[in-house]
Amino acid sequence: NDKSARRRLPMGLFSRLLGKAVAWNQATKGKRPLLSKRRADLSFGVHRFVMEEHVGARCVRVDVLSSDPTHIRDRMEKLAGEVIGECMPKLRCFVMLPAAPLPGPREQPPHLVNFGMLMRRRPAWCDGVWLGDECVDDVQIQTRFSAWLPSTGLREEGYDVFFSYRQGKVDSSVVEMLCDHLSGQSLGRDNRRVEVFWDRIRLEAGKMFDESFMEAMVKSAGVTPIVSLAALERMGGIDEKSPVDNVLLEWMLALEILEALGNERFFILPIMFGRIGSGVGEDPVSNLFAEGVIDRLPEVVPLTTAHRLREFLLKRGMAVSDRLGARTVRGVVQDLTKSMGLLAWDLVSRHGGGGCVGVSNDAGLYEQSCKSIMECIRRVARE
């Protein structure tokens with residue numbers, strides 16, 4: 001009895017979790033909530049779900065009524081973590097999934113799988129995993145839980161947007177947050193999830209790094225380069241004989257694809273950052289163009305980088321523009337920033353605090369960026 005009591009669903013947990021879910025429903029402009037004491041019909045954006053309190057089973061059941069349940073799962077985990085952190089710090093919470101498809105929407109699953117534990121055992125899937133009284137291999141797991149698994153690795157089908165950025169505290173955080181926000185978006189009549197190329201989750205060990213990301217960009221609907229002061233300052237020392245600069249290589253490839261396909265079939269939407277303010281009274285982000293960094297970039301053709309790009313294009317049977325051999329480092333950046341991009345210094349709140357953390361967590365920056373990226377994706381997809 002003592003053990004059973006310890007596993008009881010704490011009083012007030014469901015109501016607190018429901019309050020946060022309703023607030024997120026409203027923040028994402030979901031449908032009007034239908035609420036009762038132990039049940040709620042909600043949606044995060046276009047992703048609808050029903051959550052119910054099951055006191056006897058010591059759980060909150062969530063039935064996802066969308067083709068992409070990963071966004072609901074991730075967001076509900078975060079909201080539950082917030083509730084626990086605020087008032088129940090000793091409580092443990094985890095996601096359980098049916099081990100096999102349910103015959104009906106109101107059926108109770110005979111066996112549940114701890115999703116977090118299943119994912120931690122991913123390297124051993126090939127050896128077989130016991131789900132209840134059934135041993136399944138990696139192919140069966142991938143098939144059975146395909147809707148719940150994160151979209152990782154390289155995709156033959158391509159991507160809706162490719163993020164090109166230089167590793168750095170702000171640039172990397174911006175891309176991570178954009179990926180998180182875009183995961184809540186959907187496309188098409190079937191509300192499929194947006195497929196993003198982010199090197200941290202896509203590139204696979206044992207494959208040529210540059211070959212993989214160039215192949216991914218060619219299969220993308222468009223590119224969002226993070227053009228920051230920090231990224232450009234690291235291009236200042238490039239000369240004709242410098243080794244391949246992967247960020248410059250990505251930007252040159254983006255311009256080649258745009259020239260070959262045109263604006264109707266490919267987009268470039270840069271997000272531009274100047275200097276990140278750190279002191280009180282400073283602007284959170286300065287105007288990149290006012291910094292003068294673009295004018296200081298080398299007016300030289302990066303021959304090694306251009307040669308690597310030409311080699312890739314010819315290998316794939318793609319056209320090589322006459323401009324490739326004449327593109328200078330400065331010219332590449334100037335051409336890239338001529339695209340109708342997003343100016344972070346106009347989007348970041350002046351009341352949110354300066355520094356890397358303030359910029360990286362600015363709601364206005366991500367809301368407008370995601371809205372613009374989705375508009376570009378839908379325009380190319382002709383939705």
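This briefing describes a strand, a pair of helices and a loop residue in one structure. The structure is a predicted model, in which local features need pLDDT of at least 70 and side-chain atom pairs count only at pLDDT 80 or more, while totals for chains, interfaces and linings use all residues. Residues are numbered from 1 along each chain as its sequence is written, and side-chain values use heavy atoms, with hydrogens and water left out. Helices (H or I, at least four residues) and strands (E, at least two) are DSSP runs, numbered from the N terminus.

- Strand 9 (residues 161-164) runs parallel to strand 13 and is joined to it by 3 bridges (two strands pair if DSSP finds at least two bridges between them).
- Within this pairing, Phe163 has Thr224 of strand 13 as its bridge partner.
- Strand 14 (residues 267-268) pairs with strand 13 in the parallel sense over 2 bridges, and Ile268 in strand 14 stands opposite Val223.
- Strand 15 (residues 271-273) also runs parallel to strand 13, joined by 3 bridges, and Phe273 in strand 15 stands opposite Ser228.

**Helix 8 and helix 10**

- Helix 8 (residues 209-218) packs against helix 10 (residues 246-261) at an angle of about 30°, and their axes are 10 Å apart (axes are lines fitted to C-alpha atoms, for helices over the stretch in contact, and angles run from 0 to 180 degrees between N-to-C directions).
- Helix 8 and helix 10 are therefore roughly parallel to each other (angles under 35 degrees count as roughly parallel, over 145 as roughly antiparallel, 65 to 115 as roughly perpendicular and the rest as oblique).
- Residues making the contact include Phe209, Phe213 and Met217 of helix 8 and Leu249, Leu253 and Ile257 of helix 10 (contact means heavy atoms within 4.5 Å).

**Ser66 in its loop**

- Ser66 lies in the loop between strand 4 (59-64) and helix 3 (70-87).
- Ser66 counts as buried because its relative accessibility is 18%.
- Not counting residues up to four places away in sequence, Ser66 touches His47 and Arg48.
- The C-alpha atoms of Ser66 and Val46 are separated by 8.2 Å, although these residues are 20 residues apart along the chain.

How values were computed: Buried means under 20% relative accessible area, exposed over 50%, partly exposed in between (1.4 Å probe, protein chains only).
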